[in-house]
Each structure stands twice: as C-alpha cells, then as structure tokens.
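Please read them with the structure open.

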Amino acid sequence: MSDASHISHSCEDIFPARLELPRHIAIIMDGNGRWAQQRHLPRFAGHKSGVKSARMAVEVCANFHLDALTLFAFSSENWKRPRTEVDLLMNLFISALREEAASLHENNIRMRVIGDRTAFSDKLQKRIDEVETLTAGNDGMTLSIAANYGGRWDILQAARQAVTGNQGIDEEQFLRHLSLSDLPEPDLFIRTGGEQRISNFLLWQLAYTELYFTDTLWPDFDKSHLAAAMRDYAGRQRRFGRTAEQVEKA
Ligand code: IPE
Ligand code: IPE
Ligand code: MG
C-alpha cells in the first residue's frame, strides 16, 4: 500500500467511503490555453497553472490509494502547435520533472512516461530516465505521463513488437506490448475543457472505460471537481455487454 502520509489532501470529506472507487483514472488535461486567454495572459501561463492541477490530481489519487493515474500531457499531434509553445511546453516538462521527482518518490509513486520519447531532446530524455529509475521500485500508485503519445501509435508499436517477437497475434500476446498493459484498464476517463472527444488518447485501453466530460478548464480543476467525477463514476452501472439484471444478480 502506498505511504500517503506526506499528502495533505484528505479524502472522506469529498468522497464517502461506501462508494466504489475507480482503480485507474485517465485524464485529458485540456483547456490551459483558454484559461490563460480569458485572463489576457499568454497561453503558457495556462500550462504553468495546469501543472498545479496535475499535482493535485496525483496527490488526491495517491491518497485514495488508486492503482493508477494516467495524464495526457502532450499528444503526437501537439507538435503542430507554434514552435514557441512547443518549446515552452518541453521546458515546463523538464522543470516539472525536476521539481516533482523527490515528492513522487517520497510518496511511493512509480512514475513513467508512455509515448515515443525518442523525439524529445537528450536533456528531456535523460530527465525522464532519471525519474523513472528513481521511482521504479515504488509499489504505490503508478503515474503514467502520456507524452508524444498517440493511441494509434500505441497500437501500431504493439503490433510491430508482437510481429518481431514472432508470436502469433492473439489478443493476449498483443496486449502485452500495449502501453499500460501491466495495469488495470482505466475505469474512469475525464476530459476537462469542454471538448467531447478522445483526441487520439488511449484508444484500445478505453474500450470499456466510463467517460466523463466537464466544461471546467484544467487549471480550474480542483479536488472538488475530481471528487465530483469520481462520485459520478460510482453511480454508474458497468455492464460489459451483460444485461442490467445479470449485473444486479452478480
Ligand atoms: C491542454 O491545453 C494542454 C496541452 C495540449 C499541452 P490546451 O493548450 O489544449 O488548451 P486549449 O484547448 O487551447 O484551451
Ligand atoms: C489533447 O488536447 C491533448 C492533451 C491534452 C495533451 P488537444 O487540445 O491537443 O486536443 P484537440 O486538438 O482539441 O483535439
Ligand atoms: Mg486543447
């Protein structure tokens, strides 16, 4: 069990203990740019502020002892943005890794990056390696940061590995090569910022995930918003193809 003693967010006040918790939450952290624009600030100010929401989400999810939190930080399509924004995002990623590493480790969180990291600068790749190595032995929550990640890329790279491994591509063999295959599938997907789309996030992995969309912009997304999403999740019936009656009996 993770040692969440350094984490200040308490749980019971925002989420009654009798409700069912998701084991794995996956979040598209969207709306940073619009948050900044509303305040007549440069888009980057929204990204910076968004780091605080990411820290909050990590703390709350670790405090609830979730198995996993997966955050979409940079998509394989986000390279199409203006060069200055991309550069600022990369620098922000580097500094966030530097600033958060010790606290992640102290809280027994295992952090890793999913996505094609070969496109990143040597400096960023090195920083990622360092934090992954530092936290690799931790057995609390797994925090996966999706960076230069695309759901289609993930499926393709898994297929390529399955083929070069010379294994037949049955589902089980194939799955082993997909990102997050060592974790329970996401139970709850959250997208902030009002758009109702997947934007090439986890395509395979979200097959039976409960989807939750909110207009709240990511920098405004706080503990109470996260708890509201989790309470919404707790009220849903997951049928996985069965009838409601079957699920109620089980
Ligand atoms: C999400 O916020 C962060 C990244 C994609 C890196 P956006 O930057 O997409 O914010 P909006 O959608 O423009 O408001
Ligand atoms: C998705 O947000 C990617 C991340 C949050 C990292 P985008 O803002 O890039 O998505 P689209 O372009 O609106 O679909
Ligand atoms: Mg966006």
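This is a predicted model: local features need pLDDT of at least 70, side-chain atom pairs count only at pLDDT 80 or more; totals for chains, interfaces and linings use all residues.

1. Fold. The protein chain holds 8 helices and 6 strands. Their order along the sequence is β-α-α-β-α-β-α-β-α-α-β-β-α-α.

2. Size. The radius of gyration of the protein chain is 18 Å, which agrees with the value near 18 Å for a compact globule of 250 residues. The C-alpha trace spans about 55 × 50 × 35 Å along its principal axes.

3. Packing. Of the 250 residues in the protein chain, 51% are buried. Take the contacts between residues at least 6 apart in sequence: 76% of them link residues at least 24 apart.

4. Main core. Which residues touch the most other members of the largest nonpolar core? They are Ile25, Leu69 and Leu226, in a core of 47 residues. Helix α3, residues 83-106, is the top contributor to this core, with 8 residues. In soluble globular proteins, nonpolar side chains tend to be buried together.

5. Ile25. Leaving aside residues up to four places away in sequence, Ile25 touches Cys61, Leu66, Ala68, Leu69, Thr70, Leu188, Ile190, Leu226 and Met230.

6. Another core, of 13 residues, lies apart from the largest one. Its members include Ile28, Ile114, Leu202 and Leu206.

Notes. Residues are numbered from 1 along each chain as its sequence is written. Chains are lettered from A and ligands numbered from 1 in the order in which they are written. Side-chain values use heavy atoms; hydrogens and water are left out. A nonpolar core is a set of buried Ala, Val, Leu, Ile, Met, Phe, Trp, Tyr and Cys residues joined through side-chain atoms within 4.5 Å. Buried means under 20% relative accessible area, exposed over 50%, partly exposed in between (1.4 Å probe, protein chains only). Helices (H or I, at least four residues) and strands (E, at least two) are DSSP runs, numbered from the N terminus. Contact means heavy atoms within 4.5 Å. The radius of gyration is taken over C-alpha atoms; the globule rule is 2.2 Å times the number of residues to the power 0.38.
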